[in-house]
Amino acid sequence: MPAERPSPLIAARPAPPRARAGWSWHHPATRARVWQLLALLGVAVLLCWLVFNTQANMAARGIQSGWDFLGQTAGFDIGEQPIAYESSDPYWRAFLVGLLNTLRVALAGIVLCTLLGAAVGIGRFSRNLPVRALCRAYVEVFRNVPLLVQLLVWYLLLVEYLPDTTEAWTWGHSVFLSKSGLVLPFPQHGADGWHWSMPVLDGFAIEGGAALSPEFLAVLAGLTFYTAAFVAEAVRAGIASVPRGQIEAAQSIALGRWQTLRLVTGPQALRVMAPPLTNQYLNLTKNSSLAVAVGYPDLVSIANTSLNQTGRALECIAIVMAVYLTLSLATALLMGRLDRRDRARQQA
């Protein structure tokens, strides 16, 4: 029987030429960049058309526009001044004062709502039934009442039901609370260095210290108690997301409840809590624009006054939008970095 002849080797087909990386139209990344560039150009063209069309319509109706008003004299006073300000100062400095007032109440509110919300959220897991019920009632009440209503209620309580300045409530003869606001000791720099400026009741007024107006206190209390209800739910959800086995393992090595929360439950819950906490901080900052309802001179209040005096509605609204957009992006960026650093530290 003749031996089988070996089958001839089949030559491999040459691979198709690969598209060169770079700006070749056949490369998917190149096409993606081109479409993105075209989309950006389209948006830029649309924005330019809107701006020029708006300016043309405003000029046809005799409405002034432009940013030159920022250098003009503001001509109005501001009740709360984190920096020196007079009515003869330009509009840009008035906007700066409003921005600092917004930052002051927003930063203080973020710190206080975090502390209060964390306490209420942890209290939802208390073994004490009245504590659990009280924490749940707090969340249900404060998150279901509109923030504007809460601001008005807090302001009414402060200006109507607190005593007059001459009969102010005092703690340790250094803290005074009355219809005029809250006065606290404050560090002050003098010729001999830093020293405490202590408030003293002098006749019909309180001299010294740092005074917080009832408008500021009303906005701070409203933002804090309202946002803390949502923060408490974020904390509760984060703790509840930790597997039960982790808690039982901690108990098996004789860790107490607070040790378990600090060493086991808390670090794992932070991963779940970070995104909703970021949202609540953003909401608090934007909700501070409601401060105008109680007369607090924040950025929106200054913009409204400037708009009424100059008629530059587009410019004033653009300033408010740009500021709140910048604050929101900065807050999201900061919280994102903190979250990534915490995750990296836990994985190390």
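Predicted model: local features only at pLDDT ≥ 70, side-chain atom pairs only at ≥ 80, totals over all residues.
Select Y281 and show what surrounds it. Y281 touches I110, C113, T114, T331 and M335, leaving out residues up to four places away in sequence; contact here means heavy atoms within 4.5 Å. Y281 sits in helix α7. Helices are DSSP runs of H or I with at least four residues, strands are E runs of at least two, and both are numbered from the N terminus. Y281 counts as buried because its relative accessible area is 8%. The cut-offs are under 20% for buried, over 50% for exposed and partly exposed in between, with a 1.4 Å probe and protein chains only.

Residues are numbered from 1 along each chain as its sequence is written, and side-chain values use heavy atoms, without hydrogens or water.

**Next stop: the largest core**

Select V105, F216, L217, V219 and Y296. Within the largest nonpolar core, of 41 residues, these touch the most other members. Such a core is a set of buried Ala, Val, Leu, Ile, Met, Phe, Trp, Tyr and Cys residues joined through side-chain atoms within 4.5 Å. Two or more residues each come from α2 (91–123), α3 (129–144), α4 (147–160), β2 (175–178), α5 (214–240) and α7 (257–287). Which element gives the largest share? It is α5, with 14 residues.

Zoom in on F216. Its contacts, not counting residues up to four places away in sequence, are E80, R104, V105 and Y296. Apart from this core lies another, of 19 residues, including Y85, I319, V320 and Y324.

**Next stop: the sheet**

Select β1, β2, β3 and β8. These 4 strands form an open sheet in the order β1-β2-β3-β8, with antiparallel pairing. Strands pair if DSSP finds at least two bridges between them. The edges are β1 (169–171) and β8 (210–212), each pairing on one side only. Neighbouring strands are turned by 15° against each other on average, direction ignored. The axes are lines fitted to C-alpha atoms, for helices over the stretch in contact, and angles run from 0 to 180 degrees between N-to-C directions.

Follow the hairpin from β2 to β3, which passes through 2 residues. There are 3 bridges between β2 and β3, and S178 stands opposite G181 in β3. Move on to β3 (residues 181–184), which 3 bridges join to β8. Here V183 stands opposite A211, and L184 has A210 as its bridge partner.

Select residues 28–60. This is helix α1, with 33 residues and 48 Å from first C-alpha to last, close to the expected 48 Å. The expected span is 1.5 Å times one less than the number of residues. Just after α1, G62 has a positive phi of about 75°.

Now pick P90, in the loop between α1 and α2. P90 touches L70, G71, Q72, T73, A74 and Y85, again leaving out residues up to four places away in sequence.

**Last stop: the annotated stretches**

Residues 34–52 are 100% helix and 0% strand, with end C-alpha atoms 27 Å apart. Residues 317–336 are also 100% helix and 0% strand, and their end C-alpha atoms are 28 Å apart.
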